[in-house]
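Work through these exercises with the structure open beside you. Try each task before reading its solution.

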Amino acid sequence: MSFAAPLGLLGLLALPGIWWLHRRSRAPRAVTVASLLFFTDLPSGSATRRARRFDPVLALLLLGAAAAAFAAAGPQVGRGASRRMARVVVESGWLRGARGYEAAVESALAGIRAELPGDVELDVVTVTPTASSPAYLETLARLGAAWQRYVIARVLPAAPRPGVRWWPLDLEATWDLPPGPANVGIVAVGVVPTDTGGLRVQTTLEASREGRGAADVTVVVTGPGSDGERLVAGTTTLQPGGAAGLALELTAEQRTAVDAHAPGRGLLRVALGREDVLPADDTVDLEAGAETAALLLDPGLESEVASALRAAAEAGGRMRLGDAARGPWIHVIRLGETPPEAAGVQALVVPAPSGHRGVAVPARAAPVRSSSPLVRDLAAEAGSVRLSPAALDAARGGTMLLGWRDGDQTWPLLVELPGGVLLTASLLDGRPPLRTTPFLPLLLDNLVDDVVGPDIGAGWRAHRLRPPSLTRLVRTGGGPRGVATAEAAPASLPAHRLRQPLLGLAALALLGAWLVPVAGALTGRARGLAAARR
Amino acid sequence: MNARRASGTRSTPRRDVGAGALDPELFPASFLRLLSLVPAAVPRLHAGVADGRRAVRGEGGRFLFRGHRAYRPGDDLKRVDWNVAARLGRVVVRQLDPERDLVTEVWLDGSASMGLHGVRVASARLAALAFAIAVAGRGVARLGILQGGEARPLAEGREPGEVRAALERLSATPPTGRAELAQTLPRVVRRLARGTRFLLVSDLLTRTDPGVLHGLAGRAVRGALVHVRAPEVHAPEPLGAIVAQDAETGESRRLLVDARVAAEVAARAQRHADLWAHHARSVGLRYLPFAPSERSEDVLRRLVLEVP
């Protein structure tokens, strides 16, 4: 047995007080009786120690107080409680793409293991969003029962709160740095039509502070396809911590060729011709003509949810019912359903099933365009939001934590189902359910924004454009646009929580303590009346 | 709460009730209305009893002849007018008016224990009703109290209008001290005339041997031993640890009244009551237990129908 809040056991200190107060209230009282005639040779109060040994009222009071104290301590029994487990939350996301990331995590985990006793298991929770705030990481670490709690993160908080230990994710220790800045990334892209009918692709580059000396960085624009034709290239010089802009112009002929390859949706790729510690921010895909997305609804979706989504899509105007033949598209499936082929999926909204235990959603956490609480289920890689099969497996057989941020607050959505499986609840649930609020069209529009990418001008949109904070390899504050998820394999079966049964026992005991004297008085009165009439 | 109840919250507080005043707690207006109905109620209550089912010692005196009526089963054969039967061939009985000098003596235990648990109110009303019933039957009613080793007459009456005097005396005589039944009862018994209807109203919380009732044997006395039994005495609740003070003697004892002790006390009280009932029956008295909570209307009905 273990206790979620051992301080609750301090309530047991009240038991002697209850015993003393009860005994004091039962001190002999002066009572005038009609006659002592029938009390001859009966035990006197001073000789009643043995008779007072069992007092049902006192016993029930002590039982109730003890049960309440144990309930306050949150006892748990079962396999989960019998094994000591340390939860380790590891910051991941796009950092996973950094060279040396795995080695840095392993190094940190080895350090933690060396610090802990040998029988303690590590429950490693990997947080997929990039640049999660320290508060969010700490919240994840505090979820559920654990013997110790750790966070392995890139940047540690200035004033960590007690209860969670922070461990640095020391990427630099594993880097084999090239000359120049450790990392250079594309942080902004713009497209402007030229007077000659061509296109000007404006690229902004930033460099991380790590590294020594300047480096020449080449930016290449290629055409559609994996082996796209190299259209134009340029070079600029960057110092560690510096930034630079580069404008590359495509001729009218080159632009025409791009449009001919993909009519209605021209495709270009902007890439850096330099290898560094973080490849994820070295490539950006540009797409023209992608303003709307197709909404695909699973046929088995709850009709109320499907109707709400359909109405919201029509209201928003940027999403309409369609098919997967044209992209981008957003597929909504039921919770627990096997998703379509992951490669073709760009976004999945997973509504909670009807009757699902909801999660209270504060009104101020309702989505707005500036802080989109998009429902992203797990892997946010390669610029698309998709539910990876591994993540779905984790949801079926282990633990999946889903949450979003509202300002500095992190709201984890955690729903426990029978059988020890934890599944996510979507933002379509909650109180009030999001699907019944005017915010659902905004949510869908934000989803469209996410899948079609940000507008970079001239009808072009960018994909896989990383935030500058990633390129700099440090956090600058703010999280990843409101949503974060984490997954973890269960360390053991969920423990059986005894709080509710104990609270019930306490209530019954107190009720019994009240009923015993009442019942005694009633039976005594009835007996007296009957005796008087005999 | 138990303690408060046990310590006599239902007992009548002592108050100065001057001569000529009625204690409104003992005799409220509703009870006085009931008393005023007694003369009319007594015949009605008798009428409700089937003929021949109620044992009476005679329906009237020997000399106040009123007329004849047809014989009914249960009629005393001594009252059959055989001359009429021989002459007319019909069996009739003589009807005589009741003698006016039938004496009813009501003696009330005036000890301090009667002042607890509502017993005083119940016993005073019971005595008043018995007095009123006796007067309504055109007899002589006497009311007395056994208190402090003395048997003091309180009131005597022949007419319904004299009941009020009895109520006033009852109002002015609160329970106090001890009754000393061992001394007072023999004195009362010695003064009883033959054939007197005798009622002793008491809680019987006394160490006096019930054999004291045997002085009534052979005196053709009828009546009842009216036992007022408070539940607090005869079936006490488990009060826990108490310091009990005897209302009559002032003696204090430290007691633990748990469920077991309460049951033992109840059993002892029952045995005590059974003993007094046995001795009462052996001298021709009815044993009538009453609870203080019984309604006055029920008490009236029981007194009329059950007291011989």
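**Exercise 1. A helix pair in chain B**

In which hand, left-handed or right-handed, does α4(B) pass α9(B) in the crossing? Describe the packing as well.

*Solution.* This is a predicted model.
Step 1. Find the two helices: α4(B) covers residues 119-136, and α9(B) covers residues 296-306.
Step 2. Take the geometry. Their axes lie 10 Å apart, and the packing angle is about 45 degrees. That angle makes α4(B) oblique to α9(B).
Step 3. The crossing of α4(B) past α9(B) is right-handed.
Step 4. List the contact. From α4(B) come B:R125, B:L126, B:L129, B:A130 and B:I133; they meet B:S296, B:V299, B:L300, B:L303 and B:V304 of α9(B).
Step 5. Sort these residues by class. Eight are nonpolar, one is polar and one is charged.

**Exercise 2. A helix pair in chain A**

How do α1(A) and α2(A) lie to each other, roughly parallel or roughly antiparallel?

*Solution.* 
Step 1. Locate the helices. α1(A) spans residues 14-25 and α2(A) spans residues 56-73.
Step 2. Read the geometry. Their axes come within 10 Å and cross at roughly 155 degrees. The two are therefore roughly antiparallel.
Step 3. Name the hand: α1(A) passes α2(A) in a right-handed crossing.
Step 4. Look at the side of α1(A). Its contact residues are A:L15, A:I18, A:W19, A:H22 and A:R23. On α2(A) they are A:V57, A:L58, A:L61, A:L62, A:A65 and A:A66.

**Exercise 3. Two open sheets in chain A**

*Solution.* 
Step 1. Write the order of the three-stranded sheet: β9-β10-β14 (chain A), paired antiparallel. β9(A), 184-193, and β14(A), 243-250, each have a single partner strand, so these two are the edges. The twist averages 20 degrees from strand to strand.
Step 2. Check one pairing. Eight bridges join β10(A), residues 199-207, to β14(A). A:L199 stands opposite A:L250 there.
Step 3. Write the order of the six-stranded sheet: β13-β12-β15-β16-β28-β27 (chain A), also antiparallel. Its edges are β13(A), 230-238, and β27(A), 455-457. Here the twist averages 25 degrees.
Step 4. Two bridges join β27(A) to β28(A), residues 460-463. A:G457 has A:W460 as its bridge partner.

**Exercise 4. Confidence**

Over which residues of chain A is the pLDDT below 50?

*Solution.* 
Step 1. Start with the chain. Chain A averages a pLDDT of 70, and 63% of its residues score at least 70.
Step 2. Residues 350-427 fall below 50. Residues 476-494 do too.
Step 3. Draw the lesson. Where pLDDT is low, the predicted coordinates should not be read in detail.

Notes. Residues numbered from 1 in each chain as written. Chains lettered and ligands numbered in written order. Predicted model: local features only at pLDDT ≥ 70, side-chain atom pairs only at ≥ 80, totals over all residues. Heavy atoms only, no water. Pairing = 2+ DSSP bridges. Helix = DSSP H or I, 4+ residues; strand = E, 2+ residues; numbered from the N terminus. Axes fitted to C-alpha atoms, helices over the stretch in contact; angles between N-to-C directions. pLDDT = per-residue confidence, 0-100. Contact = heavy atoms within 4.5 Å. Parallel < 35°, antiparallel > 145°, perpendicular 65-115°, else oblique. Left-handed = near helix turned anticlockwise from the far one by under 90°. Nonpolar A, V, L, I, M, F, W, Y, C, P; charged D, E, K, R; others polar.
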